[in-house]
Amino acid sequence: MKTWIPFWNILLKDMKNYYLKPPNISWGIIFPFAWMLMMFLKTKTAFNIEEIFPGIVTMSILFGSTSMLAVTITFERKSRSFERLLLAPISIESLVFAKISGAIVFGIFNSLIPILLSILYFKLEITNYLVLFTGVILLSIVSTMLGLFISVAAKEVFEAQTYSNFFRFPMIFLCGLFVPVVALPIFIRPISFLLPITYGVDLLRSTITDGALLPSLANIVILVVFISLLFSLSIYNIKKKWII
Amino acid sequence: MDENIIEARHLTKHYSDFTAVDDISFKVQKGEIFGFLGPNGAGKTTTINMLIGMAKISSGKVFYHNEDVTKNMKKAQSLIGVVADESNLYAEMNGYENLCFCGALYGMKKQKRKKRANLLLDMFALSEFRNRKFQAYSKGMKRKLTIAAGLMHKPEILFLDEPTTGIDVATVRQIRELIRELNKNGTTIFLTTHYIEEAERLCHRIAFIKTGKIIELDSKDNMLEKTKDKNRIEISFAAKNFDTKKLSENLINKFPSLENWIHNKTTIEFSGKNNINIVPIINYLDNLGFKVIEAKVMKPSLEDIFVELTGIEANIMKKEKERK
């Protein structure tokens, strides 16, 4: 059987049914604006775009991908339509890959708004576009993987939302978005280095300033390792929990 | 019709300390309608889930076309269509889109999907509603579309889990007719139902399952043959206040060769091995002051066998399921 047919149709279905719905599109646009406004109100002056760029791009991706995937999968499991996918003669890995692709595209789309705004309106200078887009793609994938990990644990849609926030909010404060990792208390720093988002933020920061903690390649490799781990763990959990 | 399409060999399913399915073995032959009957919690759905790859098998083996697929159920999934006991299509998509999507899951190309979807919408009398969202369908229409979705990829075997529960009589008749039609066209059907009369009408062979074990498996005709010696009559009378226990004892004393059951203080059912002479019974009841309204000879049915084997009244099972 040609696996690309179910893969492509699952992706299209998810895009049409969930991600391209007007509330989600408007969320992707409003969210970065809201954060920029918050920064402006906080500083009461024109803010430094270089300082907030990695944070806004990361949060736009994280808040879009993680919860959307967790909610859509939990919703489909609750309505039992997810059983149709499990019964299709495609491997669990291909099925999961198809499900996460929509959320990855959604995350990338969400990041484009602050990126375009920063470059075109605030005239932000990006030193390496290849690294920037690699960072955006890897951050979208890793955020989606977190969503997948959550969706395996959640039974109800509200649980998925609660678990998403449980993961996201501590991550925002510990990954170097607001306070650089090196400025965090020494006993908290190991936790920061256990969070995949830390390396995504560092990768994005490396494209605009010299203040990155690790070389870009090291950040990319660590993100790929996190992605592989989360994917394998989620597949293991799906096989264990959903096919009981 | 003697080629095995499915074979379950010593299938067992444990959930911690609980054994949901206990060492069952059976074969489903190509082209038949195989009925799987049992009360709630008997292990019907667990068995189906093991056969379709939705539940892990604790021990035992599953064969499709004599090939062992126990370790790789994905191998068998292109052969099977599954209609769950709930209408589980996508609420936001219309009928046509739902069918096309289900076809795509089995690798069908676009043109083939479109053609097949249109054919099935016609076959299930849903063409008129093809562009209506699934969430706006009536319960009966949802059920029909869910069955159609299970047929999109032309499966050799269709698993139907309670296909007619909770829908109107007209749709039930339509669905039963469609099941017959599908079977006539070569689709093997694995049917679970709590409507015993449905199994009696549709199935070629039937398995009764109780507490995880198959307690009877035979062709419908053989099962009915076993009831031929049994004679039953039913006498209805105007509602009256009386002591059921006492009346039952009196009837046993008066007609010792007959067993009796009193239902709702309006009906008495008699069962015996020999032909039952109805007149003395009516006269006896008349003398006791009962106003007999109707007396009828009952044809032995599959339900009698079911009740005898499981000890569960079919009506109770039906009500339990509908309440669920």
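Hi everyone, let's start with burial: in chain A, 44% of the 244 residues are buried. Please keep in mind throughout that this is a predicted model.

Staying with chain A, its 244 residues would give a radius of gyration near 18 Å if they formed a compact globule, and the chain has 18 Å, so the two agree. The C-alpha trace spans about 55 × 40 × 35 Å along its principal axes. If we take the contacts in chain A with a separation of 6 or more, 80% of them join residues 24 or more positions apart.

Now for how some of those helices pack. Two packed helices are described by the angle between their axes and the distance between the axes.

The opening pair is H1(A), residues 4-19, and H5(A), residues 92-121. Their axes come within 9 Å and cross at roughly 40 degrees. Angles under 35 degrees count as roughly parallel, and H1(A) and H5(A) are therefore oblique to each other. Their crossing is right-handed. On the H1(A) side the contact is made by A:Pro6, A:Phe7, A:Ile10, A:Leu11, A:Asp14, A:Met15 and A:Tyr19, and on the H5(A) side by A:Ser94, A:Ala98, A:Lys99, A:Ser101, A:Gly102 and A:Phe106. Sorted by class, that contact holds eight nonpolar, three polar and two charged residues. An α-helix has 3.6 residues a turn, so residues three or four places apart point the same way.

Next come H6(A), residues 129-153, and H10(A), residues 216-241. Here too the axes come within 9 Å, and they cross at roughly 25 degrees. H6(A) and H10(A) are therefore roughly parallel to each other, and H6(A) passes H10(A) in a left-handed crossing. The residues that meet include A:Leu138, A:Ile141, A:Met145 and A:Phe149 from H6(A), with A:Leu223, A:Phe226, A:Leu230 and A:Phe231 among those from H10(A). By class, this contact has 17 nonpolar, four polar and one charged residues.

Let's move over to chain B and its helix H2(B). How many of the residues of H2(B) are buried? The count is 11 of the 11, so H2(B) is largely enclosed by the rest of the structure.

The contact includes B:Tyr96, B:Leu99 and B:Cys100 of H2(B), and B:Arg113, B:Ala117 and B:Leu120 of H3(B). Its classes are seven nonpolar, two polar and three charged residues. Just after H2(B), B:Gly107 takes a positive phi of about 80 degrees.

Before I stop, a few loop residues for anyone who likes checking backbone torsions. A:Arg80 is not a glycine, but its phi is positive, near 70 degrees. A:Arg80 is found in the loop between H3 (49-78) and H4 of chain A, and counts as partly exposed with 14 C-beta neighbours inside 10 Å. B:Thr211 likewise is not a glycine and has a positive phi of about 40 degrees. B:Thr211 lies in the loop between strands S9 (205-210) and S10 (213-219) of chain B, and is partly exposed, with 15 other C-beta atoms within 10 Å.

Lastly, is B:Ser138 buried or exposed? B:Ser138 has 12 C-beta neighbours inside 10 Å and counts as exposed. Its place is in the loop between H3 and H4 of chain B. Thanks, everyone!

Notes: Residues are numbered from 1 along each chain as its sequence is written. Chains are lettered from A and ligands numbered from 1 in the order in which they are written. This is a predicted model: local features need pLDDT of at least 70, side-chain atom pairs count only at pLDDT 80 or more; totals for chains, interfaces and linings use all residues. Two residues are in contact if their C-beta atoms, placed from the backbone, lie within 7 Å. Helices (H or I, at least four residues) and strands (E, at least two) are DSSP runs, numbered from the N terminus. Ala, Val, Leu, Ile, Met, Phe, Trp, Tyr, Cys and Pro count as nonpolar, Asp, Glu, Lys and Arg as charged, and the others, Gly among them, as polar. The radius of gyration is taken over C-alpha atoms; the globule rule is 2.2 Å times the number of residues to the power 0.38. A residue is buried if 20 or more other C-beta atoms lie within 10 Å of its own, exposed if 12 or fewer, and partly exposed in between; C-beta atoms are placed from the backbone. Axes are lines fitted to C-alpha atoms, for helices over the stretch in contact, and angles run from 0 to 180 degrees between N-to-C directions. Angles under 35 degrees count as roughly parallel, over 145 as roughly antiparallel, 65 to 115 as roughly perpendicular and the rest as oblique. A crossing is left-handed if the near helix is turned anticlockwise from the far one by less than a right angle, and right-handed if clockwise.
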